[in-house]
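I opened this model to look up how its chains are built and how they meet. My notes follow the order in which I looked.

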Amino acid sequence: MKLLANRTFYQSVLIINAILVLTPIFFLINSSLRETSEFSRSPFGLARNPYWGNYTSVWSGGEFPSYLLNSLIITGGSLFLIAILSVGAGFVLARYQFRGSKLVLAFVLTGMLIPAKLAILPLFIQLKWMGLLDSRIGLILVYTSAALPAAIFIMSGFFRSLPLDLDSAARIDGASELQLLRRVLIPLVKPGMAIVAIYSAIPIWNDFFLPLVFLQSPEKKTIMQGLTVFFGQYASQWGVLFAGLTLAALPLVILYLILSEQFIKGLTAGAVKG
Amino acid sequence: MSKSGLKRDQHRAALFLLVPGILTIVLFTTVPALTTLSYSLFAWVGFQRGDFIGLDNFLRLFEYPFRDQFFMVLRHNTLVFIAVMIFQTGLGLLVAYALFKVVRGRRAYRTIVFLPVIFSLVIVGYMWQTLLDPFYGPINQILLKVGLTDWALPWLGDTRTALPTLVFINLWRWVGFPAIVFLAGLNAINQEFIEAARIDGASEGQIFRKILFPLLAPSLTIITVLTFIGAFEWFDLPFVLGGSNGSPAGATDTLALMFYRLSFGSVDSGANNVGVGSALGVVIFTIVGLGAALGSNLLRRREVEM
């Protein structure tokens with residue numbers, strides 16, 4: 001138990017953790033800048049003279065750019081819908097007392113417990129029936145629905161934390177309900193919207209299960225789903241594989257390094273109070 | 001005032017703002033979830049629904065050929081839950097406590113600790129697959145170089161090591177999550193308790209065991225419940241690394257993979273079985289729901305208030 005009083009011990013825990021986290025990532029990036037033929041000779045050699053050919057192969061050799069674009073469209077579209085719908089519903093549930101409002105909130109909460117994965121079969125058949133199978137819009141709607149319960153819950157919490165005097169003051173000044181929401185309240189719940197955005201967007205960007213089931217056309221595939229195709233194509237060309245993985249990971253890593261505080265808050269929302 | 005108890009313009013705003021969101025949830029979450037339940041009560045041929053057969057699909061889960069598979073994957077999910085609780089949650093707590101104790105560079109360390117959590121499991125899976133490649137992977141190369149020849153195993157290809165290796169990769173990706181949750185819990189604890197104990201001559205070990213750990217119970221409850229849900233719905237990593245059949249030889253098979261195969265069919269087990277698949281979906285949902293509810297109730301009872 002002496003160990004627990006030792007500051008060097010904690011310092012070394014964090015250093016070892018950092019090494020274990022960063023080494024594989026460094027290996028990934030380093031290897032993406034080496035020619036595949038170099039691996040068998042020296043698996044650990046540093047890419048002193050970066051070889052960019054792998055990236056050219058990734059970018060021009062296949063569907064990679066269109067995978068990225070699809071992921072951007074699907075994540076962006078879902079995020080847009082989630083933001084609008086969760087702000088609206090969160091506002092109403094936090095601010096209006098009406099018959100059944102408790103019931104609606106309870107309904108939203110149970111929605112948080114239903115994993116989209118287990119409803120995949122009926123969803124598949126339903127989307128097919130609606131003509132939304134193999135469609136980016138269909139996927140956007142499913143993602144929106146899956147993220148909405150938590151998003152509404154988070155937003156209604158933020159609306160509830162604002163003083164009611166704001167509403168009365170705006171109404172006395174003649175603001176309509178929508179003006180009150182748009183001009184007065186929304187600017188004040190922006191931190192909540194940031195949390196909702198990160199909480200919803202990261203799992204959507206990273207997901208490959210729903211695209212795997214719902215998207216078949218090669219030109220509609222998302223980046224994470226596309227990686228599985230890509231990995232089959234280039235199985236023996238490690239340099240190209242690593243370049244593909246690096247490119248797929250890069251957008252989020254850069255955003256994370258800029259906004260790490262918001263990312264950590266957003267992704268642990270629900271598990272951490274306040 | 002309208003019937004609902006709202007002023008007219010509020011009534012209109014409520015309809016306009018609330019209904020689209022609720023409708024989306026109903027249409028794409030609630031209805032499909034309830035439909036899964038109804039699917040499990042019918043006989044199916046491919047995607048064509050047949051007669052109502054009551055609970056037959058549920059009973060078939062416990063008969064040949066599903067029975068052995070069902071109990072095997074159930075065992076795998078249970079083992080994964082236990083292993084994750086011990087190693088991932090344990091290490092998460094250690095890292096959280098280290099972050100709590102170390103002041104210099106805390107922000108940078110925190111950013112690094114959480115970094116893997118933002119990686120897609122597809123990327124994490126493929127990255128580790130190459131790192132662990134039996135012939136060219138750097139990990140086995142190191143093991144060979146330092147003379148640990150017996151340790152240079154085909155980690156993901158051997159039925160004995162495949163599942164533990166997946167648990168390890170899962171740990172690499174996830175450990176930052178409990179760490180941050182525990183850190184938030186530690187930061188929420190009133191420092192005066194710790195100071196008072198220290199003045200009374202308590203050792204660091206006593207402070208951790210008698211004060212910090214009991215007060216961390218709410219964080220532990222949340223992590224346990226989330227781990228339970230994650231372990232019994234485990235799909236992405238096993239699918240990326242072992243395919244839908246849980247290779248090698250079913251060693252990494254899980255409930256969710258079995259559900260996927262039953263739903264959409266697979267290369268070797270052939271046609272799908274929507275009825276039994278839906279029944280399994282309902283079973284998974286029940287396990288997860290009951291486990292989470294029971295766990296949070298039991299654990300919450302031993303939480304202490306400050």
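Entry 1, ground rules. I note that this is a predicted model, in which local features need pLDDT of at least 70 and side-chain atom pairs count only at pLDDT 80 or more, while totals for chains, interfaces and linings use all residues. Residues are numbered from 1 along each chain as its sequence is written, and chains are lettered from A and ligands numbered from 1 in the order in which they are written.

I looked up the elements and found 14 helices and 0 strands in chain A, where helices (H or I, at least four residues) and strands (E, at least two) are DSSP runs numbered from the N terminus. I then noted that the C-alpha trace of chain A spans about 75 × 65 × 35 Å along its principal axes.

I counted 77 residues from chain A and 71 residues from chain B in it, two residues being in contact if their C-beta atoms, placed from the backbone, lie within 7 Å. On the side of chain B, helix 1 (residues 8-39) gives the largest share, 19 residues.

Why is helix 5 of chain B largely enclosed by the rest of the structure? I found that 9 of its 11 residues (121-131) are buried, meaning that 20 or more other C-beta atoms, placed from the backbone, lie within 10 Å of the residue's own. Among them are B:Tyr126, B:Met127 and B:Trp128. The cover includes helix 1 (7-32), helix 12 (223-233) and helix 13 (238-258) of chain A, together with helix 7 (162-174) and helix 12 (236-242) of chain B.

Note on methods: Buried ≥ 20, exposed ≤ 12 C-beta atoms within 10 Å, placed from the backbone.
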